[in-house]
Amino acid sequence: MNNDVVAMHISNGIIDAPVSGIFAAIAASAIAVCVLRARADLDDRLAPMAGLVAAFIFAVQMLNFPVLPGVSGHLLGGALAAILVGPWVGALCVTVVLVVQALVFADGGLTALGLNVTNMAVIGTAAGYLLVVALLRARVPLVGAAFVASVVSVVVASQGFVLQYALGGGGGLSIGAVASLMAGPHLLIGIGEGLITAVTVSAVAKARPDLVYALRTRRQRQQQEELVSA
Amino acid sequence: MGAGHAHWLHRDHDSPVHRLAPEVKITAAVLCTVAVVLTPREAFGAFAAYLVLIGAVAGLARVGPGWLIRRSAIELPFVLFAVVLPFTGHGPRTQVLGVALSVEGLYAGWNILVKGTLGVLVSLLLAATTTPRELIVGLDRLRCPQILVQIATFMLRYLQVLVDEARRMRVARLARGYDPRFLWQVRAFAAGIGALFLRAFERGERVYLAMLSRGYTGRLPEGRAPKASKTQWTAGLSVVAATAVIAVVS
């Protein structure tokens with residue numbers, strides 16, 4: 001396995017203290033909402049499912065895929081988590097992964113945790129889930145919806161950093177430069193992520209459709225429509 | 001861009017820092033990092049003092065400087081970012097070795113470099129002296145929401161299972177004449193991942209049902225790590241106090 005361990009999460013000192021504090025508060029309140037909503041979702045089976053999705057995201061992050069020569073990327077997992085366990089538990093899964101990475105692997109600064117959670121767990125998961133639901137409603141097959149939602153969620157999450165840099169980053173890089181610097185590699189990472197998400201989700205949907213949250217809501221909706229029309 | 005998290009950072013030996021309760025260490029690490037980040041970037045003396053303090057804790061924890069330096073390479077992408085800033089920054093310029101560099105950019109780069117490095121060193125010390133399991137216990141005692149603790153507990157339990165399963169599948173592919181190279185591996189990699197998830201989930205479901213039938217209520221029994229005593233809190237917070245004093249004096 002690869003020996004060079006390099007961080008991709010925001011470290012301490014990149015964004016100034018007041019903005020880091022504001023985003024810590026934003027992340028904390030978003031997580032509080034997720035905890036409340038997740039209680040409704042977390043039935044017997046969802047508990048180990050959530051742990052496994054988190055472990056899976058964590059484990060898949062150990063495997064890198066090449067993006068550009070010399071640059072490799074790994075999964076963020078927001079869209080995958082949202083499709084499999086729903087947006088609330090999904091955001092909590094990604095949060096857990098980020099917290100454990102900061103504490104156990106020193107990846108991502110402790111004071112930047114709010115920034116990282118906001119980008120990857122909140123923005124990434126929300127964007128991925130909203131898009132998947134919209135695409136499924138437009139009768140796009142699950143594989144395609146999962147792929148597109150992952151690509152977009154990764155790029156949108158990376159733009160969260162651009163907002164944070166505009167508010168509290170030093171060094172006077174222009175916002176346009178930071179935005180393209182973040183969007184380029186993350187588009188490529190997003191394509192890798194999209195492939196992994198699409199394949200994983202379609203494998204799970206084929207063997208155990210009852211485990212896919214995004215399908216479950218659609219199925220429930222169909223059942224309701226049948227009830228109404230009957 | 002990320003490489004993997006293939007290595008656990010925990011250094012398995014005994015020291016006063018290892019014995020400190022996890023909740024104390026997490027609190028101290030977070031507060032110290034906050035103090036470092038709040039320090040004005042011109043306070044060069046304060047950053048030197050932090051480094052001495054971290055060195056003292058590392059000595060007490062018997063974590064060697066070589067290990068800390070090697071592991072802090074995790075920070076490299078941000079170092080590159082910091083190095084670029086003096087060249088791209090705006091405002092008045094200064095001559096360094098005949099090159100005109102932006103003063104603002106130099107300060108911004110220094111700010112990222114020094115706070116990032118000190119932060120990574122603090123996190124590395126925390127990770128080196130605390131097992132992942134203890135970290136979760138610490139978060140639980142710090143009143144982290146139960147759902148998060150539960151997800152984290154399951155995650156750590158299944159992580160090794162997943163990694164081993166993935167390794168077995170990879171060995172099986174290699175044994176069947178598979179030749180992993182650049183883009184060619186994407187297909188097998190992707191197909192393997194779907195199978196990996198299902199295998200792991202079905203195993204996890206069985207284990208969870210077995211746990212339920214043995215009386216699992218959502219909390220694991222407390223491990224060996226005893227709760228923090230007053231003395232332990234005092235020890236941990238004295239390091240925080242020292243950091244705070246440096247931050248205020250600067």
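How are H4(A) and H5(A) oriented relative to each other, roughly parallel or roughly antiparallel? This is a predicted model, in which local features need pLDDT of at least 70 and side-chain atom pairs count only at pLDDT 80 or more, while totals for chains, interfaces and linings use all residues. Residues are numbered from 1 along each chain as its sequence is written, chains are lettered from A and ligands numbered from 1 in the order in which they are written, and side-chain values use heavy atoms, with hydrogens and water left out.

In chain A, helix H4 covers residues 87-104 and helix H5 covers residues 113-137. Helices (H or I, at least four residues) and strands (E, at least two) are DSSP runs, numbered from the N terminus. The axes of H4 and H5 of chain A come within 9 Å and cross at roughly 150°. An axis here is a line fitted to C-alpha atoms, for helices over the stretch in contact, and angles run from 0 to 180 degrees between N-to-C directions. H4(A) and H5(A) are therefore roughly antiparallel to each other; angles under 35 degrees count as roughly parallel, over 145 as roughly antiparallel, 65 to 115 as roughly perpendicular and the rest as oblique.

A:Gly77 sits in the loop between strand S2 (71-73) and helix H3 (78-85) of chain A. Its relative accessibility is 0%, so A:Gly77 counts as buried; buried means under 20% relative accessible area, exposed over 50%, and partly exposed in between (1.4 Å probe, protein chains only).

Chain B contains ten helices and two strands. Along the sequence, their pattern is α-α-α-α-α-β-β-α-α-α-α-α. Chain B is divided into domain 1 (16-130 + 227-249) and domain 2 (145-213), with bounds from an automatic or database domain assignment. The C-alpha centres of these two domains of chain B lie 36 Å apart. Of the 250 residues of chain B, 44% count as buried.

Over all chains, a search of the whole structure finds zero disulfides, a disulfide being a pair of cysteine sulfur atoms within 2.5 Å. For B:Cys144, the nearest cysteine sulfur is that of A:Cys34, 13 Å away.
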